[in-house]
Amino acid sequence: MGAGREVAISLDGVRDKNVMQLKKLNTALFPVRYNDKYYADALASGEFTKLVYAIYWEFYCWSLSLCFSVFSCDHWAPIELDGLHLLTETVEISKPVTFWREVILSFPSVLSMFVMSLSRWLHHMISITMLHIDAYYNDICVGSIACRLEKKEGGAIRVYIMTLGVLAPYRGLGIGTRLLNHVLDLCSKQNIPEIYLHVQTNNEDAINFYKKFGFEITETIKNYYTNIDPPDCFVLTKFTTPSQAKK
Amino acid sequence: MGASLPPKEANLFKLIVKSYETKQYKKGLKAAEAILKKFPDHGETLSMKGLTLNCMDRKSEAYELVRLGLKNDVKSHVCWHVYGLLYRSDREYREAIKCYRNALRIDPDNIEILRDLSLLQAQMRDLTGFVETRQQLLTLKPNHRMNWIGFAVANHLCSKYFVAKAVEILEAYEGTLEDDYPPDNERCEHGEMLLYKISLLEECGFLERALEELHKKEPKIVDKLVSKEQEVSLLVKLGRLEEGANHYKALLAMNPDNYRSILCLLCFFMLEDSLLQYYESLQKCFGLYSENGKYSSDEIDRLDALYKSLAEQFTWSSAVKRIPLDFLQGDKFCAAAANYIKPLLTKGVPSLFSDLSPLYDQPGKADILEQLILELEHSISGDGRYPDRTEKEPPSTLLWILFFLAQHYDRRGQYDIALSKIDEAIQHTPTVIDLYSVKSRILKHAGDLVAAASLADEARCMDLADRYINSESVKRMLQADQVALAEKIAVLFTKDGDQHNNLHDMQCMWYELASGESYFRQGDLGRALKKFLAVEKHYADITEDQFDFHSYCLRKMTLRAYVDMLRFQDRLHSHAYFHKAAAGAIRCYLKLYDSPLNSPAEVEDNTSKATQKKKMKKQRKAERAKKEAEEKNEGSSASGTSKSGKRHIKPVDPDPYGEKLLKTDDPLSEATKYLKLLQKNSSDSLETHLLSFEVNMRKQKILLAFQAVKQLLRLDADNPDSHCCLIKFFHKVSSMPAPVSDAEKLVWSVLEAERPSISQLHEKTLSEANKIFLGNHEDSLMHRAAVAEMLYTLDPTKKLEAVKIIEDSSNKIVPTNGALGSVMEWKLKDCIAVHKLLDNVLIDTDAALRWKVRCAEYFPYSIYFEGSRSSAVNNSLNNLDTETPLNGGANGPDIIQSGNAFTSNGKLEAFKNLKI
């Protein structure tokens, strides 16, 4: 009934086993070299530092109403999959194609498990080729966001975005937005009122990008950088709950 | 058992046997001692005590006791049986068989002994004996399933003339079964037995009967897939093609990616049209499949049509799309390749190149592929679309195209372009690990092993949790002779950090081979030998491991797999790894023979004090390590024994550097041991006979050496090495003194009779033969080198002439239609061999230097020739170069510090100050 090619994104944490990926990205993306403290901070910030993987895949859907018979069978419930339980709750018999697209797009990381589960419950199905997901292909690490959690005087915590970047060929696909949103969501969940970062004064693309998300220029620092021109930078800050920020 | 004892002791004796069987050795020992208190000379008890001690790791006592027991009671089958068991536990099967036979002489109907004997006979492949023993067992206990099956299998194994008998036995066995057999819990076993019987029927040519049997018993066979495959194979052999084809289609529907099914269907297709005899045609089809290009264009069209129809039927099968690439030609190939490749590039399949690389052996296809991929690259880097497509490709498609191209040019030997492509890919997406692995491989092929190792390590650092890239990096390091570093890296993935033992326990043979070869290159023969012999040991262990299956498989009825396993074990030593290890060991022994270790007296004279000191230090260190290990050993054994006799002591290697191995008195006879295995198991390999020639020439075994020469000529008379051996042999023979003893005279007469049969030497002198060989192979570097070497061997005054022959060789350009660059004919490996020849054999340093300069130009990345772009030369430059290293730039050998590539360069200080 439907077919398409999508880019999906999955976020993965940074650990000592894959920190080299982050180093490779930074070498490619930024004119600045980062020292060990940067990586230690990034590792320490936990959920606030993420690598982003791009996954391209094609999907084909046929006879979607039949799919439902799989999901609704009694045996579906015991399978413990992140997010997939949503399917059982929300699915109704005749959802439009776009719905399935949404479902699948929003859970790319469970795609493979999804396929596995399909085959696991094959004997409950009327036909095998109802939903075919062609591939979960090679996922490539294409960007990252790295933050540091800082304690202000008085104990309040703020988040400093050390780096946010996406490899050139993969820009314009909404990947940066996903990364930034991830951190903004985390901040609002954890009641962290202040997020800030530095941007080189001539980097208009970046400044506009952040302004879209409610960041404002709060300060200009002269001669912030030593080896690049211009050496000045702006401090961009976003206060999520203004009342707390005033304290 | 224990019959001669009074009732109380007889019971105790039963207790010993029982505790032995249940592994409660301490209890058994106590009981034995209780009996021995009263009857100190009771033979059977002594034997049993010995056997129990054997299981508690007190070997020497065990043998003593068992022998004493036997002496005291030589008429007891128990004593003989125990003696056999003792030998068996030490893997001395021949001795064990003898003991069992003695035991059976005393008690011919003892089922346990018969069973044990039959296992040993199967292990030793004493097949006639095996049949006899099995028959006896069956006569004694015909109500036992295993005995029927065992007798049948024994007949099958024994000889092809007994296969029919095996079938009869199985049928007789079936006759003893009730109608409602098998019960539910034995359906699998019974099904396997039926399939085995059918395969036997097929083996002795009763095809109709086999098919009939298959149809009749089908409901009782559990493995439906095998039964279907068997049915089809029978149908084909019976010539009932149409039915067969239909069955194949059914099989394909079950798994459309099964190459075997598809190929068989292909055979049917060919059959229907050509109406050849079924079997020949089957062969022909498979033959055609492997050696391509033999199809007529008509056949190709028909095959193409077949695959197209299959492709429609099985949309998702990639095999259906891939196989036609093997036989299609020209434009059709191009279209099919594009069709196959494009989605895979979009998808990002890193293995795509290895999937297609067999096509590179077919003339012309590489050019077509190159053209095709370059077109794609052009189109994608232009507007991000494949030609004639409206849909935009994801950004990664370009990456995978570059990745493919890099491997393509690497395969064609155009390393410059390959490197530029892979660098482009790394620049595009520096986070894909495969890119670094491939760059490492390209550099390895180009001759820069150090840079290759450093790149492999860079790849490894990108995912520290991946064992594969860890292993790859270890291998590259070993190739670059960085053994210590390689060990450190390999240890990251072993369980307990005690890597030597652990890698050995895991039978990690690639590691042992690579490290053995590295030690060999570095001249550390002891450790090299150690590694090679370790691999040899693994193969002995594998042979040993089959022992348990003789009883297990019969019990579990996995008969087809069992017979397969035995056949596999019979040709185990022809495996490539074994061949490598044995050849490596023989080379070590040859080198050891040619330059034996200095005796202590000479050491003082010859070696400088420094090296002596070093040696002492090494020795001391080894001793210390040994001591420590021993201490540890004691500690663990003390704690280990306290626990129910079950201990885990790591055996300590008493000879970690292989020094003992080097002290062998007769390296050539050691070498002969392994040579025999090679001759027996890989007699079709040139290397086997080259080694045999070298060993036997040194041993002055003229006839054996001559045999090796004849084998070489049989295998490949045009090979430069064969030529060298031939000339060397007759040169040596002619220089030997006239025969004196009868034996020598006999040898001479054999040679004289044989010489005319060698066409190369027929009525020619050796130097004439040498010249003719040159004339036949004027364009080949390696042949010229061989001729030069022989010229020098025959007449050392002709050294200059020999050098000239080598230097006059010209490196031609291989004609290609490739769009970029050109490929030279000479291989790096050959050029290095020639350099060594000039340097070591002809001993002409000037010529060697000239050769080196010349080759450095051909191989700019080669470390050996110190090419201008190799890391050997660039190291000093790199160090001066303060520019920030790029991703994937090989920074010479300092790979371990590759983390330092990201040190701060001053900017970060500013950051920090501002933050706080």
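**Reading helices and loops in a predicted model**

Me: Which helices of chain B do the buried residues of α5(B) pack against?

Reply: They pack against α3 (43–55), α4 (59–72), α6 and α7 (111–124) of chain B. Keep in mind that this is a predicted model.

Me: How many residues of α5(B) are buried?

Reply: A residue counts as buried if 20 or more other C-beta atoms lie within 10 Å of its own. By that test 12 of the 13 residues of α5(B) are buried, and the helix is mostly covered. The buried residues are H77(B), V78(B), C79(B), W80(B), H81(B), V82(B), Y83(B), G84(B), L85(B), L86(B), Y87(B) and R88(B).

Me: What span should the 13 residues of α5(B) have?

Reply: At 1.5 Å a residue they should span 18 Å, and the end C-alpha atoms are 18 Å apart, which agrees.

Me: What does the backbone do just after α5(B)?

Reply: There R91(B) takes a positive phi of about 65 degrees. That is a positive value in a residue other than glycine. R91(B) sits in the loop between α5 (77–89) and α6 (93–106) of chain B.

Me: Why does R91(B) count as partly exposed?

Reply: Because R91(B) has 13 C-beta neighbours inside 10 Å. Exposed would need 12 or fewer.

Me: Where is I843(B), which also has a positive phi?

Reply: I843(B) lies in the loop between α46 and α47 (845–858) of chain B. Its phi is near 50 degrees, and it is not a glycine. I843(B) has 11 other C-beta atoms within 10 Å, so this residue is exposed.

Me: How should I read the pattern of faces along a helix?

Reply: An α-helix has 3.6 residues a turn, so residues three or four places apart point the same way. Now take α44(B), residues 781–794, where 10 of the 14 residues are buried. The buried ones are L781(B), R784(B), A785(B), A786(B), V787(B), A788(B), E789(B), M790(B), L791(B) and Y792(B).

Me: What covers the buried residues of α44(B)?

Reply: The cover includes α41 (720–734), α43 (766–776), α45 (799–807) and α46 (828–841) of chain B. As for length, α44(B) reaches 20 Å from its first C-alpha to its last, close to the 20 Å expected at 1.5 Å a residue.

Me: At what angle do the axes of α39(B) and α40(B) cross?

Reply: The axes of α39 (residues 686–698) and α40 (residues 702–716) of chain B come within 8 Å and cross at roughly 160 degrees. Angles over 145 degrees count as roughly antiparallel, and α39(B) and α40(B) are therefore roughly antiparallel to each other. Their crossing is left-handed.

Me: Which residues make the contact of α39(B) with α40(B)?

Reply: From α39(B) come L686(B), H689(B), L690(B), S692(B), F693(B), N696(B) and M697(B). From α40(B) come L704(B), A705(B), A708(B), V709(B), Q711(B), L712(B), L715(B) and D716(B). By class, the contact has 10 nonpolar, 4 polar and 1 charged residues.

Me: What is the make-up of chain A?

Reply: Chain A has 9 helices and 8 strands. Of its 247 residues, 29% count as buried. Among its contacts with a separation of 6 or more, 75% join residues 24 or more positions apart.

Me: Is the peptide bond from D229(A) to P230(A) cis or trans?

Reply: That bond is cis, with omega near -5 degrees. P230(A) is placed in the loop between β7 (216–221) and β8 (233–239) of chain A.

Methods: Residues numbered from 1 in each chain as written. Chains lettered and ligands numbered in written order. Predicted model: local features only at pLDDT ≥ 70, side-chain atom pairs only at ≥ 80, totals over all residues. Helix = DSSP H or I, 4+ residues; strand = E, 2+ residues; numbered from the N terminus. Contact = placed C-beta atoms within 7 Å. Axes fitted to C-alpha atoms, helices over the stretch in contact; angles between N-to-C directions. Parallel < 35°, antiparallel > 145°, perpendicular 65-115°, else oblique. Left-handed = near helix turned anticlockwise from the far one by under 90°. Nonpolar A, V, L, I, M, F, W, Y, C, P; charged D, E, K, R; others polar. Expected span 1.5 Å × (residues − 1).
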